[in-house]
Amino acid sequence: MCDYSLQHTMSRPAKVGDKLTTHNFGTGTRGFAASENSAVAVCVLPGTELAFSEEVTLPTVGLLWSKEKAIGHKTAIFRQVNKDQARTHHDALEFPDGRVVLLTYLSEGQEATVLQLPARPMTEAEVGKKRRAAYVG
């Protein structure tokens, strides 16, 4: 399951070794697209470790200009935030310095590789932490 705004987009779960690209799906959000087909959203589980081919960038826009701002990291852990709030973006990346950025805020076209999927939860408390935000239609 991907972020709520990708519910009507073709999707598949992430696998170790996947090459992903940040992509604007035309639904009001950016997410990870499959390298073999940019129309397919790749759904990432919380706790998945990712390595980007370059430093992650965020778009910055001024009155008469736009540019990319590097945030100084090439690795991140996929997280979900604001899971108690419906109809808002939940998919985010946590960087080594603790900074958390919504995936939809990343610049388009950045390449990442899935390094490791999260461990399977062993207790009910772990299951709750790993549970994705529910889709409210």
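**Salt bridges and cavities in a predicted model**

E36 and R12 form a salt bridge, with their closest N and O atoms 3.2 Å apart. The two residues link distant parts of the chain: E36 sits in the loop between β3 and β4, R12 in strand β1 (residues 11–13), 24 residues apart. This is a predicted model, where local features need pLDDT of at least 70, side-chain atom pairs count only at pLDDT 80 or more, and totals for chains, interfaces and linings use all residues. Residues are numbered from 1 along each chain as its sequence is written, and side-chain values use heavy atoms, with hydrogens and water left out.

**Salt bridges**

- A salt bridge here is a side-chain nitrogen of Lys or Arg within 4 Å of a carboxyl oxygen of Asp or Glu.
- Side chains of opposite charge can pair when their charged atoms come close.
- The count by this rule is four salt bridges.
- R12 also meets D18 in a salt bridge, at 2.9 Å from N to O.
- D18 forms a salt bridge with K15 too, the closest N and O atoms being 3.7 Å apart.
- Together, R12, K15, D18 and E36 are linked in a network of salt bridges.

**Buried or exposed**

- Buried means under 20% relative accessible area, exposed means over 50%, and partly exposed lies in between (1.4 Å probe, protein chains only).
- R12 is buried, because its relative accessible area is 16%.
- D18 is buried as well, at 8%.
- K15 counts as partly exposed, with 46% relative accessibility.
- E36 counts as exposed, with 56% relative accessibility.

**Cavities**

- A cavity is a set of points, on a 1 Å grid over the protein atoms alone, where a 1.4 Å probe fits but cannot get out; lining residues have an atom within 4 Å of a point.
- Grid points are joined across faces, edges and corners, and a volume is the space filled by probe spheres set on the points.
- Searching the whole structure finds three cavities of 30 Å³ or more.
- The largest cavity holds about 60 Å³ of space.
- Twelve residues line the largest cavity, and C2, V42, C43, D91 and L103 lie nearest its centre.
- β3 (30–34) and β4 (37–43) are the elements that give two or more residues to this lining.
- β4 gives the largest share of the lining, three residues.
- Strands (E, at least two residues) are DSSP runs, numbered from the N terminus.
- The lining divides into nine nonpolar residues (Ala, Val, Leu, Ile, Met, Phe, Trp, Tyr, Cys and Pro), two charged (Asp, Glu, Lys and Arg) and one polar (the others, Gly among them).

Technical notes
1 Å grid on protein atoms, 1.4 Å probe; cavity = no way out; pocket = protein on both sides within 12 Å on 5 of 7 lines; lining within 4 Å. Helix = DSSP H or I, 4+ residues; strand = E, 2+ residues; numbered from the N terminus.
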